[in-house]
There are 2 protein chains.
Amino acid sequence: MQTLAAASLSPADITRLMVALAVLLGISRLLGELARRFKQPAVLGEILAGVLLGPTVLGYFSPEALEWLFPVSAAQPGRIALDGFVVISATLLLLVVGLEVDLSTVRRQGKATAYVSLMGVALPFILGFGLAYGIPEMLGAGPRGQAAPLPFAIFVGIALSITALPVIAKVLMDLNLAKSDLGMLIISSAMLNDLVGWIGFAVVLALLPSDTLGAAPMSVVTTITLTLIFLAVMITLGRWLCHKTLPYIQSRWSWPGGVLAFVSVVALGCAAITESLGIHSIFGAFIAGVAIGDSPRLRERTRETIHQFVTNFFAPIFFASIGLRINFISNFDPLAVALVLAVAFLGKSGGCYLGAKMAGMNRRESLATAFGMTCQGAVGIILGQMAFKAGLIGEGLLVAVVIMALTTSLFSGPAMQAVLKLKTQLRLADIVTDRHILIHMKSVTPSKAIAELAVRGAELTGLAPDLITQTALDREKAMRTGLPDGLAVPHARLTGLKKPCMVIGRSVPGIDFDAQDGRPAHLVCLLLTPESDHDAQIDLLSLFARTFQDAGIRQGALAAESTTEFRAELNLAGTDA
Amino acid sequence: MQTLAAASLSPADITRLMVALAVLLGISRLLGELARRFKQPAVLGEILAGVLLGPTVLGYFSPEALEWLFPVSAAQPGRIALDGFVVISATLLLLVVGLEVDLSTVRRQGKATAYVSLMGVALPFILGFGLAYGIPEMLGAGPRGQAAPLPFAIFVGIALSITALPVIAKVLMDLNLAKSDLGMLIISSAMLNDLVGWIGFAVVLALLPSDTLGAAPMSVVTTITLTLIFLAVMITLGRWLCHKTLPYIQSRWSWPGGVLAFVSVVALGCAAITESLGIHSIFGAFIAGVAIGDSPRLRERTRETIHQFVTNFFAPIFFASIGLRINFISNFDPLAVALVLAVAFLGKSGGCYLGAKMAGMNRRESLATAFGMTCQGAVGIILGQMAFKAGLIGEGLLVAVVIMALTTSLFSGPAMQAVLKLKTQLRLADIVTDRHILIHMKSVTPSKAIAELAVRGAELTGLAPDLITQTALDREKAMRTGLPDGLAVPHARLTGLKKPCMVIGRSVPGIDFDAQDGRPAHLVCLLLTPESDHDAQIDLLSLFARTFQDAGIRQGALAAESTTEFRAELNLAGTDA
């Protein structure tokens with residue numbers, strides 16, 4: 001009787017679900033911001049949030065709180081709802097990753113992709129397989145793994161050779177590399193890699209004595225054939241259909257709602273297809289993203305809306321969920337962890353480095369590719385959990401795989417950053433603190449304004465205020481420093497100054513700095529740079545001018561009621577807004 | 001053992017979840033677009049999608065498909081995950097509704113709000129209570145309802161007097177009325193109304209013999225006290241804290257990710273609080289939205305990103321879910337439906353009309369308010385389900401309540417539209433079809449171009465092409481029709497023409513229409529208007545000029561490769577983009 005369908009979630013379950021989501025999102029965002037503060041990818045903090053909120057830390061201090069928030073029982077409705085939400089989050093995340101993929105770049109890098117993914121799979125697989133087949137007891141096979149050494153060894157080989165597409169994609173986005181050639185190479189190699197990994201896992205399951213997974217899995221040949229057919233259809237016919245449908249929807253449906261819904265429906269549909277084929281749902285969503293995102297008809301704003309919501313709402317919840325189920329301390333087996341880490345790291349990075357070199361890339365790019373591909377996050381964990389459930393591997397090995405996945409995830413971003421010597425584009429918001437801002441300048445003439453700013457400059461640099469004032473005034477006489485649009489940049493190059501410093505003053509009535517457009521300066525930036533550093537002055541001057549070139553930000557800064565609000569305006573500049 | 005935590009969702013469950021979400025989102029979006037086509041609010045189509053996909057239609061044709069997609073068993077993991085997602089959707093929807101509330105408007109309309117919500121609750125409550133207390137058997141009380149006539153009667157009174165905040169808010173947004181004074185009056189009255197309703201329901205549960213709901217509910221006094229405290233704290237201290245925190249987050253966290261996460265966390269937290277107090281989670285999210293949205297510090301783009309994603313992704317899924325569980329045919333009790341509909345409709349609209357008149361509103365506004373408040377959607381259904389579970393009401397009455405809720409939801413939008421004689425702002429995209437566009441004009445002179453457009457104009461209007469050409473050319477001699485930015489609007493007023501018509505031609509090389517800025521016209525619009533209709537020509541001319549005033553749309557239209565793409569550009573204009 002349909003009407004009788006009872007509510008599946010009690011108010012207590014719903015409360016729990018809401019609290020769990022709020023905590024996951026809140027803590028992962030907090031740690032993500034902290035990671036950013038230390039110039040690390042946000043995803044690092046998001047994954048650590050899960051370790052904090054899981055059995056490792058929260059469970060140690062308050063097992064009751066952990067059990068209430070994230071119950072162990074797989075039949076607990078609040079937990080099922082949360083798990084469902086996490087699966088949807090991962091699916092939408094991969095959709096966004098797919099939307100970023102530019103097939104023409106992938107095609108252009110076909111050779112490099114083939115080398116990197118082939119070598120990146122072969123080497124760790126061989127090492128892992130050999131280790132597991134040779135000394136299964138050292139890694140800790142599960143009951144069925146001991147009985148079936150071949151599937152066990154194949155599984156270990158796969159687990160150690162798979163790249164975590166969602167994590168590395170997020171790392172690349174965080175580092176602003178996702179659309180670069182290097183980023184595309186890593187993403188397409190990881191994608192090939194994932195495909196091989198999932199198919200390999202299907203083979204392992206088929207090799208196991210049947211009924212280990214409850215239901216009989218689809219035959220391996222069927223899974224592989226259907227997956228390849230799905231892939232081929234989506235990249236050709238599916239892509240073509242999306243290209244044809246998008247302009248229609250964009251011209252006749254409400255905008256951007258119509259496109260947003262269309263993209264989501266295609267992604268969910270493809271996710272269902274791959275999930276039912278025995279390949280995880282995230283793979284289908286990724287392919288859907290590739291098929292849709294390649295269309296020049298997809299508007300940037302649609303992409304942006306999906307991107308913002310997914311990376312800021314769904315993704316942190318997914319990443320935090322990774323560490324939620326595992327106690328990293330009690331199941332810690334140092335030998336297994338060391339072996340797994342060594343094989344995964346050396347095998348993967350070594351293989352990919354070799355592959356990249358074989359494809360003709362230079363040393364630095366090859367190293368960056370290798371470090372990027374080393375990232376083995378969520379997918380390894382999902383596979384590990386499934387293998388553990390199937391009795392293929394023991395707890396110690398599961399924890400080792402997860403620790404390996406987390407470590408390599410944490411390693412990839414910083415390592416790539418170091419190898420590529422990435423300098424993140426400097427933003428005023430990153431160097432200006434409350435102390436660098438005078439929100440209400442009292443002065444009404446340029447010389448008084450310079451003296452007023454110099455006092456703060458002296459506090460910040462330890463130099464004498466008079467020296468600063470005099471040097472800046474001398475310079476002012478030689479050349480006017482008023483810029484158009486109400487800006488002025490008096491400056492002083494000082495011996496004895498260690499590093500550059502800037503003080504920004506605001507005057508709502510304005511101060512006449514003799515600008516070309518005749519308008520008074522409302523924002524005056526006193527630049528102090530070391531005598532010897534020729535570039536610093538130009539860099540900071542142009543940074544200041546560039547930031548306030550935007551009329552919206554200029555007006556916002558003028559209207560700000562506090563230093564904090566002033567900085568909020570600076571924070572807007574240079575975002576992809 | 002934490003590590004042992006099994007996966008709570010099998011691949012089959014995940015497949016089901018993905019398919020269910022895709023189907024719900026896809027069909028509700030399709031029907032939503034269809035509703036828009038018929039000038040109805042999109043929410044109407046979204047609710048109907050659920051009726052189609054539920055037992056009423058899909059279940060009739062294929063019970064197996066229904067059971068697979070939306071299983072009845074409350075223990076089915078796929079269903080639990082879907083239900084959880086729906087709860088989260090409803091919560092986020094109410095957050096968005098709350099973000100739209102402007103407290104100063106609410107305060108300004110305090111008197112009207114008090115009258116409307118008081119009368120709007122009192123009249124239907126008295127009617128419903130009287131009916132249920134007098135003739136419970138005609139409405140169909142449940143087993144416990146028969147044993148406890150007083151709580152039963154109170155419940156019926158409440159169910160018939162509650163306004164559906166999410167539905168009416170969406171209707172108001174669809175009609176572009178959400179931020180108007182009238183919209184604010186309706187939203188604030190509905191909000192008061194909801195508050196009273198939930199508290200009243202808590203009273204009913206407390207009056208019932210205990211243990212009907214499994215766990216002992218919180219004492220009524222506690223629920224009411226805590227709810228009012230929560231409300232007071234959020235509107236004062238919570239609001240102040242949000243105002244203080246927002247600039248901090250906007251100045252120091254990544255943007256807009258930081259704010260998005262902050263807003264979501266606050267909403268989920270408040271949802272958890274109200275849910276645990278026995279008031280539904282959506283109420284807390286709504287209050288959170290009010291507290292945050294009132295801040296002038298919240299940037300329009302953050303609001304917009306949340307709004308787009310929630311109204312286009314989460315909301316359709318929620319609205320479609322309403323009709324999913326109920327077979328409207330087999331449980332149809334004509335008498336109960338008629339009684340409930342009559343009382344709900346007459347009581348609610350009558351009460352609100354009286355209240356609005358008492359507050360000094362004019363007849364038309366009062367009627368619009370009454371029709372808006374009549375909307376009794378989701379909340380009534382949620383209450384109904386809880387009451388049914390508690391054995392308070394029978395199936396027939398539940399179906400009657402749901403039908404009443406759906407009917408009034410469907411009625412509100414069109415009725416308000418009719419009463420207010422709303423003319424939706426005309427957009428070029430709404431009147432231009434493929435036949436009105438010549439994407440590749442061959443002509444290179446104004447007179448040839450006019451003749452070329454006149455041929456299509458003749459096909460569309462049935463007039464002779466020569467007549468059109470000649471009239472337009474005569475007009476052209478009297479006054480040049482070239483506008484700046486590459487536009488031209490030759491026009492002809494014709495006797496015998498029934499209604500206005502426009503043909504838009506595109507010339508990539510450009511045609512010299514002697515515009516003031518000396519630039520050739522790339523977009524030429526031939527306007528044909530009836531001789532007698534003085535306004536039409538001006539209206540259409542300004543519509544054309546306004547649409548292509550946007551440089552982005554102009555360039556997009558010039559770059560469009562087909563008529564469909566050209567229309568996609570038109571569709572961008574006049575959206576809140």
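This is a predicted model: local features need pLDDT of at least 70, side-chain atom pairs count only at pLDDT 80 or more; totals for chains, interfaces and linings use all residues.
A residue counts as buried if 20 or more other C-beta atoms lie within 10 Å of its own, as exposed if 12 or fewer do, and as partly exposed in between, with C-beta atoms placed from the backbone. Residues are numbered from 1 along each chain as its sequence is written, with chains lettered from A and ligands numbered from 1 in the order in which they are written.

The C-alpha trace of chain A spans about 90 × 55 × 55 Å along its principal axes. Of its 577 residues, 60% count as buried. Two residues are called in contact if their C-beta atoms, placed from the backbone, lie within 7 Å. Among contacts in chain A between residues at least 6 apart in sequence, 77% join residues at least 24 apart. The domain assignment of chain A gives domain 1 (8–420) and domain 2 (428–572), the bounds coming from an automatic or database assignment. The centres of these two domains of chain A, taken over C-alpha atoms, are separated by 47 Å.

Within domain 1 of chain A, helix H2 covers residues 42–53. Its 12 residues reach 17 Å from first C-alpha to last, close to the 16 Å expected at 1.5 Å a residue, where the expected span is 1.5 Å times one less than the number of residues. H2(A) is largely enclosed by the rest of the structure, since 11 of its 12 residues are buried. Among the buried ones are A:Val43, A:Glu46 and A:Leu53. The buried residues of H2(A) pack against helices H1 (11–37), H3 (58–61), H11 (165–174), H16 (300–322) and H20 (395–420) of chain A.

Over in domain 2 of chain A, A:Leu526 touches A:Ile450, A:Leu453, A:Ala454, A:Gly457, A:Ala472, A:Pro490, A:Met502 and A:Val503, leaving out residues up to four places away in sequence. A:Arg506 sits in strand S5 (residues 501–511) of chain A and counts as partly exposed, with 19 C-beta neighbours inside 10 Å. Beyond its neighbours within four places in sequence, A:Arg506 is in contact with residues including A:Leu438, A:Ile439, A:His522 and A:Ala557. A:Arg506 and A:Ile439 are 67 residues apart in sequence, yet 5.2 Å apart in space, C-alpha to C-alpha.

Two aspartates have positive phi values. A:Asp485, in the loop between strand S2 (482–483) and strand S3 (487–488) of chain A, has phi near 65°. A:Asp485 is partly exposed, with 16 other C-beta atoms within 10 Å. A:Asp514, in the loop between S5 and strand S6 (521–530) of chain A, has a phi of about 60°. With 13 other C-beta atoms within 10 Å, A:Asp514 is partly exposed.

Now for how the chains pair up. Chain B can be laid on chain A with an RMSD of 0.2 Å by a turn of 180° and a shift of 0.1 Å along the axis, superposing by least squares on C-alpha atoms of residues with pLDDT of at least 70 in both copies. The two copies are thus related as by a two-fold rotation axis. In chain B, the C-alpha nearest that axis belongs to B:Ala81, 2.0 Å from it.

As for the interface, 80 residues of chain B are in contact with 80 residues of chain A. Helices of chain B that each supply at least two residues to this side include H1 (11–37), H5 (77–100) and H13 (220–252). H1(B) gives the most, with 13 residues. By class, the side of chain B that touches chain A has 41 nonpolar, 27 polar and 12 charged residues, where Ala, Val, Leu, Ile, Met, Phe, Trp, Tyr, Cys and Pro count as nonpolar, Asp, Glu, Lys and Arg as charged, and the others, Gly among them, as polar. The copies meet through the same surface, because 100% of the interface residues of chain B are also interface residues in chain A. H5(B) has 24 residues and reaches 35 Å from its first C-alpha to its last, close to the 34 Å expected. With 23 of those 24 residues buried, H5(B) is largely enclosed by the rest of the structure.

Technical notes
Helices (H or I, at least four residues) and strands (E, at least two) are DSSP runs, numbered from the N terminus.
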